[in-house]
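Hello,

Here is the structure I promised to hand over. My notes on it follow below.

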Amino acid sequence: MARNARQAPETLLAQAGHFLDRETGAVVPPIQAATTFARDGDYQTRGYTYARTDQPGYTVLEGVLAELEGAEAALVFASGLAAATAVFDGLQPGQGVVAPQVMYHGLQVWLKRAAAKGLIRLTLFDAAKPGAMEAAVAEAKPAILWVETLTNPTWDVIDIAAAARAAHEAGAILAVDATVTPPVGLRPLDLGADLVFHSATKYLNGHSDVLGGVLATRRKDAMWDEIGQTRLLVGGVMGAFEAWLTLRGMRTLALRWERASANALALAQALQDHPAMAQVLYPGLHSHPGHAIAQAQMPNGFGGMMSILVKGGEAGARRVATGTQLFLPATSLGGVESLIEHRIVVEPPDSQVPPDLLRLSIGIEAAEDLIADMRQALDAAT
Ligand code: PLP
């Protein structure tokens, strides 16, 4: 197959950034650490000048990400939050943002602070309530509708095509945080979104050893130029080593996603009837209210994120969170190792996340070991 023919995401990922070093035959790109680039004899640049503007390591990674997302362009940032806030930085004072009531708390705190300073108008909607998103957008007439493909950490499913219609009818753009559904699981631009965001810290890198953020755009328009200016002027660019590690992590993304999805479904099914369990929140379960939409927009599995509500309230949840032996009691998600987090500990005081909610990030270990570990922790807590 010609190298430029349209390839499946698995193929693009497995060979991400390969065959660059024609001189030595090295099959992976070197880490280019340079922060400055010399001009030629005519005092012209060779495409790079200074690493806050651009760097060969970002170019390769951004090319792969744009192709995976079906985007016109992508930009990588120092963290997810550096990328996400670059989107809102381009708004004019008083422009509106509509976002879910339950979403990644760090970004919501940032949005609330910006609203309190009068920089934006912020409207939050209940993603679990049918029609609430459409009503909020029609009423607020925002510049940006920001959604998560699955809301973190309750995993309500947002219908991306419906969100795009609502946004566009109100003259807004749709920006989608697809951190928990990387481009092997869901491609928001195909469903009508204008902008896709990832915390690359999670599934894209997948090994809990990089902080990074990504934006990918349907079109290189004035808003995209503004985002590029923010990255340049605020300086939240990804480091060269982080870009290299992210590319390396992405080569196994398709396999990691497949395994995490299979493990999570097995765990959700095995534990939903445990006597200590009040509720399992996982879109892969038929009982989940968003299951049909999730199935339609995520044909390659439901991913590795789920939450459980356990009996015994906050104290019961704490007993389970401290009772696992394999699941590591840590924040973050999307890595090869399974994590458990008592979410209320990190949520802000006005959070709507239930105090008995435990967030699980399912890794690529053997499903039977994960099930046994969670079962013994639930047994002990009962
Ligand atoms: N979006 C989601 C859904 C997240 O889970 C996170 C981090 O936890 C972020 C955004 C922020 O990303 P980062 O921690 O890389 O800044």
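The buried residues of helix 6 pack against helix 5 (132–140), strand 4, strand 5 (173–177) and helix 10 (291–297). Here, packing rests on contact, meaning heavy atoms within 4.5 Å. Helices (H or I, at least four residues) and strands (E, at least two) are DSSP runs, numbered from the N terminus. Buried stands for under 20% relative accessible area, exposed for over 50%, and partly exposed for what lies in between (1.4 Å probe, protein chains only).

Before the rest, two notes on the source. This is a predicted model, in which local features need pLDDT of at least 70 and side-chain atom pairs count only at pLDDT 80 or more, while totals for chains, interfaces and linings use all residues. Residues are numbered from 1 along each chain as its sequence is written, and side-chain values use heavy atoms, with hydrogens and water left out.

Helix 6

Helix 6 covers residues 160–169, and its buried residues include Ile 160, Ala 162, Ala 163, Ala 164, Ala 166 and Ala 167. At the start of this helix, a side-chain oxygen of Asp 159 comes to within 3.2 Å of the backbone nitrogen of Ala 161. That is a polar contact (a pair of N or O atoms within 3.5 Å; within protein, one must be able to donate a hydrogen and the other to accept it, and residues adjacent in sequence count only if both atoms are side-chain atoms). Just after helix 6, Gly 171 has a positive phi of about 80°.

The ligand

Around the ligand there are 14 residues, the closest being Gly 80, Leu 81, Asp 177, Ser 199 and Thr 201. A residue is near a molecule or strand if one of its heavy atoms lies within 4 Å of it.

- Thr 201 has a side-chain N or O atom 2.6 Å from an oxygen atom of the ligand.
- Asp 177 places a polar side-chain atom 2.8 Å from a nitrogen atom of the ligand.
- Asn 152 has a side-chain N or O atom 3.2 Å from an oxygen atom of the ligand.

Aromatic rings

Rings of Phe, Tyr and Trp (its six-membered ring) pair if their centres lie within 6.5 Å; planes under 30 degrees apart count as stacked, over 60 as edge-to-face and the rest as tilted. By this rule there are seven aromatic pairs. In one of them, the ring centres of Trp 146 and Phe 197 are 5.6 Å apart and the planes are at 45°, so the pair is tilted. Trp 146 is in strand 4 (residues 144–148) and Phe 197 in strand 6 (residues 195–199), so this pair ties together parts that are 51 residues apart in sequence. Both Trp 146 and Phe 197 are buried. In another, Phe 241 and Trp 244 have ring centres 6.4 Å apart and planes at 10°, so they are stacked. Phe 241 and Trp 244 are separated by about one helical turn, because they are three residues apart in helix 8 (residues 240–250). Phe 241 is partly exposed, at 44% relative accessible area, and Trp 244 is also partly exposed, at 23%.

Ring pairs also join Phe 88, Trp 110, Trp 146 and Phe 197 into a cluster. Separately, Arg 231 lies over the face of Phe 77, 5.9 Å from the ring centre. For such a case, NZ of Lys or CZ of Arg must be within 6 Å of the ring centre and within 35 degrees of the ring normal.

Salt bridges

A salt bridge is a side-chain nitrogen of Lys or Arg within 4 Å of a carboxyl oxygen of Asp or Glu. The count by this rule is eight. Arg 343 bridges to Glu 341, with the closest N and O atoms 2.5 Å apart, and to Glu 347, with the closest N and O atoms 2.9 Å apart. Glu 341, Arg 343, Glu 347 and Arg 359 are linked in a network of salt bridges. Arg 343 is buried at 2% relative accessibility, as are Glu 341 at 6% and Glu 347 at 11%. Asp 221 and Arg 219 also meet in a salt bridge (3.3 Å, N to O); Asp 221 is partly exposed at 26% and Arg 219 is partly exposed at 32%.

Thr 230 lies in helix 7 (residues 222–234) and is buried, with a relative accessible area of 10%. Apart from neighbours within four places in sequence, Thr 230 touches Ala 86, Asp 89 and Gly 235. Ser 261, in helix 9 (residues 253–271), is buried at 7% relative accessibility.

Regards
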